[in-house]
Amino acid sequence: MGNSNTVSLPDLAATQALALRLANALRPGDTVFLTGDLGAGKTTFARTVIATLCGVDDAPSPTYTIIQTYDWGRGELWHADLYRIESPDELDELGLDDAFGDATMLIEWPDPG
């Protein structure tokens, strides 16, 4: 895989500021793994990216749908929340492997099971 960076964000303003900066740098095929405790701001970060790239305000959390997809003019943007995934086998059914490399991916809870 490509570059891997870990960033701690102390508050909402910092979370949204980094999400805005990242949104402007994302390209098709990029994947962002969002980790942190419940309530850490993963969905807020993803919503800021989605609003910036796709113009969708108040994007729904994919906690129950697992994946939400959006068009941002450069391809698809996938927002996945893997919190409810219990085993790696379930990932095959979601089509994530097919999207890697083409779609831009925002993945919350990237370590299921």
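In this predicted model, the crossing of helices α1 and α2 is right-handed. Helix α1 covers residues 12-25, and helix α2 covers residues 42-54. Two packed helices are described by the angle between their axes and the distance between the axes. For α1 and α2, the angle is about 40 degrees. Their axes lie 8 Å apart. The two helices are therefore oblique to each other.

The contact can be followed residue by residue. On the side of α1, the residues are L12, T15, Q16, L18, A19, L20, L22, A23 and N24. They meet T44, F45, T48, V49, T52 and L53 of α2. Of the residues in this contact, 9 are nonpolar and 6 are polar. No charged residue takes part in the contact of α1 with α2.

The strands come next. The model has an open sheet of 4 strands. Their order is β1-β4-β3-β2, and the pairing is mixed. The edge strands are β1 and β2, each of which pairs on one side only. On average, neighbouring strands of this sheet are turned by 15 degrees against each other, with direction ignored.

Strands of a sheet pair through backbone hydrogen bonds, either parallel or antiparallel. The pairs can be taken in sheet order. Strand β1 (residues 31-34) is joined to strand β4 (residues 104-108) by 4 bridges. These two strands run parallel. Within this pair, V32 stands opposite L106 in β4. Strands β3 and β4 also pair in the parallel sense, over 5 bridges. Here L106 of β4 is the bridge partner of H79.

The pairing of β2 with β3 is antiparallel, and 5 bridges join the two strands. Strand β2 spans residues 67-71, and strand β3 spans residues 76-81. Y70 has L77 in β3 as its bridge partner. D71 has E76 in β3 as its bridge partner. The strands β2 and β3 form a hairpin with 4 residues between them. In this hairpin, G73 takes a positive phi near 85 degrees.

Burial was then examined along the strands. In a regular strand the side chains alternate between the two faces of the sheet. Strand β1 has a covered face and an uncovered one. V32 and L34 belong to the covered face. T31 and F33 belong to the uncovered face. Strand β3 is mostly covered, with 5 of its 6 residues buried.

Two cases are D58 and I66, both placed in the loop between α2 and β2. Phi of D58 is near 60 degrees, a positive value in a residue other than glycine. I66 is not a glycine either, yet its phi is positive, at about 75 degrees. Their surroundings can be set side by side. D58 has 74% relative accessibility, so it counts as exposed. I66 has a relative accessible area of 12% and is therefore buried. The cut-offs behind these labels are over 50% for exposed and under 20% for buried.

Conventions:
Residues are numbered from 1 along each chain as its sequence is written. This is a predicted model: local features need pLDDT of at least 70, side-chain atom pairs count only at pLDDT 80 or more; totals for chains, interfaces and linings use all residues. Side-chain values use heavy atoms; hydrogens and water are left out. Axes are lines fitted to C-alpha atoms, for helices over the stretch in contact, and angles run from 0 to 180 degrees between N-to-C directions. Angles under 35 degrees count as roughly parallel, over 145 as roughly antiparallel, 65 to 115 as roughly perpendicular and the rest as oblique. A crossing is left-handed if the near helix is turned anticlockwise from the far one by less than a right angle, and right-handed if clockwise. Contact means heavy atoms within 4.5 Å. Ala, Val, Leu, Ile, Met, Phe, Trp, Tyr, Cys and Pro count as nonpolar, Asp, Glu, Lys and Arg as charged, and the others, Gly among them, as polar. Buried means under 20% relative accessible area, exposed over 50%, partly exposed in between (1.4 Å probe, protein chains only). Two strands pair if DSSP finds at least two bridges between them.
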